[in-house]
Structures are given as structure tokens and as C-alpha cells.
Amino acid sequence: MDENPYYLVYEERYRKVYEAGAERWGHAENDSGLRASLTEWVNLHNLRGKRIVEFACGEGASGVILSQLGCLYRGVDIAPSAVAKAKAALADYPGAQVTLLDMVREQVEGTFDAALDVMGLHMLVVDADRAGYLRNVRSCLRIGAPLLLFRESYRENADDRPVESFQSWLELTGDDYRTPQTRYAGPADAQVEVRIPLVPARAKTEAGYRKELQEAGFTVDRFVPMMADMQIVSSASIYAHKP
């Protein structure tokens, strides 16, 4: 965790997973929940043929789904290894583009009809980073454009106190981001064991997410808690728009 900024640790994670022999770390285009949610969202907002930007696009799974649905896709991510994977995954879709971008510090060029974030916002733990990220999301959207934050970390009892720095996050959580842990990557029938440390992720309450998005200039339309299994709610999808 010596990198600056702290969220560059995701590049190291991708590299270690690939070096272990896994083809993919994140979600895949055959993720039924992701595909169903994106299809519903695209149909609801008439996004076929429209320009959609995905922040923290990872390995491009959402880009494949959106391209198959007829959308014009632009993906951005800070991790070069993930961007390379996404470009390869989207090579057959002429309406798709993926570029390297620090989404906290840099703005994406162009104006878009919708924005998507799949498990991205919760990977930023410092308040100023999250505010900068959401500011950059909002700046590239047309008025009225929808925003979908999918599977963001959520807990009813999350600590919504301010986080002014990564050091204050460490003090608040006591999390260990140095000791490798055993994880598994890849599809269920071909998983690869990999030893990687925990990475930062910040859960929020529903009220915390709503306040944050409203302060960033978005209107929250729906907040949908999601089950990690049949008993535990650990994430939520947040449907919003730029008023």
C-alpha cells in the first residue's frame, strides 16, 4: 500500500491474478444479474444507439453487454492491465472504446447520454477522492442523463463518518492491506488460487449514499439492496440522474 494514490493498488492486483494463471479477476459478461440489470436499464432509458460511459470499467464485461445491446460504449479505468483486457474483449465491437484514465483527477472527454459504475465508487475511501470522482462523472453527462451505480458496498450499520485521508481510513477500520490472503479467481469450473492482500473498499448506508450523491449534484431515483447470498445483503444498486 505504498503507492500514491492508494487506489493504484488495483493495477497490482490485476497483475498478480493474471500472473497466477487466471484469465479474469472481475465480473464476466455471462453474469446473469449484471446482464439483466443492464438490459432493464438500457430499455428503461432508451439507450440503444446512445453514448454510455463506464467509469472503473475493469476488464470490459459491462462494455460487451452494452455493445451487444446496441449502445455506443466508452470505458475508462486507471489500471493498465485491466484496460488491456477490456480492449481485447471489445475488439469486435466498432462502437466501443476503452482508455486509461485516473477518474479522480482527470475528466473524460466528450458528452454522454448515460454513465455506469460497477463496483467502482466503493473502492474510493477518502471523501475528497469520492467527491472528485462524482464531479468528473457529472461533468461529462448531458442534462437528464441516468447514472447507475451497480453492486456498491452497502451495510445498514456502516460508519458514515468523514474520511479525510487514507491514514484516517486505516485508523478508522484497522484493516490490513499488506498480508496476502488466499482468494480464487476465474469461472467456477476453472478457478485459480491466488495470494493477494485485501484492498480498500468503503461501505455506506443508504442515507450515506443518498447524501453523497445529492451533494454531487445527482437526484437519486431508486436504492436497491442486493443479496450476496440468500441471507446477507452486502451491496446495493443506486439509480440516479443528472437533473
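Is Glu 193 buried, partly exposed or exposed? Select Glu 193 to begin: this residue is partly exposed, with a relative accessible area of 48%. The scale behind that word runs from buried (under 20% relative accessible area) through partly exposed to exposed (over 50%), using a 1.4 Å probe and protein chains only.

The model is a predicted one, in which local features need pLDDT of at least 70 and side-chain atom pairs count only at pLDDT 80 or more, while totals for chains, interfaces and linings use all residues. Residues are numbered from 1 along each chain as its sequence is written, and side-chain values use heavy atoms, with hydrogens and water left out.

**Stop 1: Glu 193**

Glu 193 is in strand 7 (residues 192-196). Helices (H or I, at least four residues) and strands (E, at least two) are DSSP runs, numbered from the N terminus. Not counting residues up to four places away in sequence, Glu 193 touches Ala 20, Thr 182, Arg 183 and Tyr 184; contact means heavy atoms within 4.5 Å. From C-alpha to C-alpha, Glu 193 and Ala 203 are 26 Å apart in space, and they are 10 residues apart in sequence.

**Stop 2: the whole chain**

Zoom out. The protein chain has 7 helices and 9 strands. Its radius of gyration is 17 Å, close to the 18 Å that the globule rule gives for 243 residues, so the chain is as compact as a globular protein of that length. The radius is taken over C-alpha atoms, and the globule rule is 2.2 Å times the number of residues to the power 0.38. Along the principal axes, the C-alpha atoms fill a box of roughly 45 × 40 × 40 Å. Of the 243 residues, 50% count as buried. Among contacts with a separation of 6 or more, 68% come from residues 24 or more positions apart.

**Stop 3: helix 3**

Select residues 61-68. In this helix, 7 of the 8 residues are buried, so helix 3 is largely enclosed by the rest of the structure. The buried residues are Ala 61, Ser 62, Gly 63, Val 64, Ile 65, Leu 66 and Ser 67. What do they pack against? Their partners are helix 2, strand 1 (51-55), strand 2 (72-77), helix 4 (80-89), strand 3 (96-100) and strand 4 (114-118). Just after helix 3, look at Gly 70, which takes a positive phi of about 95°.

**Stop 4: Asp 117**

Move to strand 4, where Asp 117 lies. Asp 117 is buried, with a relative accessible area of 1%. Leaving aside neighbours within four places in sequence, Asp 117 is in contact with Phe 55, Tyr 133, Leu 148, Leu 149, Phe 150 and Glu 152. The side chain of Asp 117 also reaches the backbone nitrogen of Met 119 at 3.5 Å. Gly 58 is 59 residues from Asp 117 in sequence and 10 Å away in space, C-alpha to C-alpha.

**Stop 5: Arg 24**

Select Arg 24, in the loop between helix 1 (9-19) and helix 2 (32-44). A polar contact of 3.3 Å joins the side chains of Arg 24 and Glu 29. A polar contact is a pair of N or O atoms within 3.5 Å; within protein, one must be able to donate a hydrogen and the other to accept it, and residues adjacent in sequence count only if both atoms are side-chain atoms. A polar atom of the Arg 24 side chain also lies 2.9 Å from the backbone oxygen of His 27. Beyond four places in sequence, the residues that Arg 24 touches include Val 17, Tyr 18, Glu 59 and Ala 61.

**Stop 6: the rings**

Show the aromatic side chains. The structure holds 7 aromatic pairs. Rings of Phe, Tyr and Trp (its six-membered ring) pair if their centres lie within 6.5 Å; planes under 30 degrees apart count as stacked, over 60 as edge-to-face and the rest as tilted. One of the pairs, Tyr 6 and Phe 166, is stacked, at 4.9 Å centre to centre with 10° between the planes. This pair links distant parts of the chain, with Tyr 6 in the segment before helix 1 and Phe 166 in helix 6 (residues 166-173), 160 residues apart. Ring pairs link Tyr 6, Tyr 7, Phe 166 and Tyr 177 into a cluster.
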